[in-house]
Amino acid sequence: MVTDHHAAFGQQGFVDLGCVLDPVEVAHWLDLFDEDRRRHPYFWHPYGYYQEANYDALVTTPAFDGLIRHPKLLSIVESLLGGPACFGEIGLRRMSAYSGEPHQEWHRDRAPWLDHPLRIDYLQLMVYLTDVDEDTHCFSLSPESVDEPILGENAAQLRRGVYDLHGPAGTCALCSAAILHTATTRPTDAERKTVQIYYGHRDRAPLANDSAIPATLWRDHPDPETRGFYGVLNERTRLMLSAFPGTKGNA
């Protein structure tokens with residue numbers, strides 16, 4: 001059955017889910033975000049243009065599994081993918097107050113998978129933990145229908161339009177990793193705090209080598225579904241395993 005999410009995704013390559021997380025949930029995840037940055041500053045590094053990020057958040061704060069597999073979100077992810085999802089990566093990202101010129105770096109994270117009806121190889125989930133509007137940093141996307149040809153030139157694609165994702169803390173969006181997108185950096189006194197999570201198909205290659213997957217999830221967890229979700233291991237995780245081959249997750 002085709003849902004509104006499917007229709008929106010087919011028309012534009014993303015879906016704005018609105019404010020999915022309630023204020024209590026936002027406060028919970030924001031507390032974990034801030035505590036992670038306070039307790040583990042050595043995991044936070046400059047990222048992209050005017051950002052800092054921790055892409056090993058599952059190592060430093062394993063409780064983020066609860067957001068990665070949030071029931072309101074994972075069901076939509078798997079519906080769009082058309083089957084069981086796997087974990088790709090998680091990034092906690094912070095953009096601080098800024099007084100420079102507006103800045104964008106439009107890019108695609110990977111090529112579209114043309115054998116998929118929605119061209120989805122990997123999905124990105126954007127979660128806003130702070131309020132975002134036209135006077136703050138935001139996430140921007142260029143809509144791309146599955147019925148349109150894929151344009152290699154950024155300028156040509158951008159002529160199709162730009163969508164700035166605005167909304168209160170708790171706003172979420174899902175987009176194909178293959179559509180053109182950017183962090184839009186604006187002069188602002190406000191911080192932007194986000195969690196950005198990628199999901200893929202379990203029979204496809206790993207997304208990237210940004211996030212290590214703890215053995216407590218992919219090897220030692222008693223639930224086979226959890227092991228399956230986290231079981232697409234990237235080279236980063238395999239390298240960690242080779243360095244500590246006999247280590248059990250609860251040791």
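Tyr 163 is partly exposed, at 30% relative accessible area; partly exposed lies between buried, under 20%, and exposed, over 50%, with a 1.4 Å probe and protein chains only. Phe 14, at 2%, is buried. Their ring centres sit 5.1 Å apart with planes at 40 degrees, so this pair is tilted. Rings of Phe, Tyr and Trp (its six-membered ring) pair with centres within 6.5 Å; planes under 30 degrees apart are stacked, over 60 edge-to-face, the rest tilted. Phe 14 is in strand β1 and Tyr 163 in strand β7, 149 residues apart. Strands are DSSP runs of E, at least two residues; helices are H or I, at least four; both are numbered from the N terminus.

A word on the model. It is predicted: local features need pLDDT of at least 70, side-chain atom pairs 80 or more, while totals for chains, interfaces and linings use all residues. Numbering starts from 1 along each chain as its sequence is written, and side-chain values use heavy atoms, without hydrogens or water.

Next, the second ring pair. Phe 33 and Trp 44 have centres 5.4 Å apart and planes at 70 degrees, so they are edge-to-face. Phe 33 is buried at 0%. Trp 44 is buried at 7%.

Now the sheet. Three strands run β7-β6-β9, open and antiparallel. β7 and β9 are the edges, each with a single partner, so one side of each lacks a neighbour in the sheet. β6 and β7 pair over three bridges; pairing takes at least two DSSP bridges. Phe 139 stands opposite Leu 165 in β7.

Last, a charge. Arg 204 puts its charged end over the Trp 113 ring, 4.0 Å from the centre. The cut-off is NZ of Lys or CZ of Arg within 6 Å of the ring centre and within 35 degrees of the ring normal.
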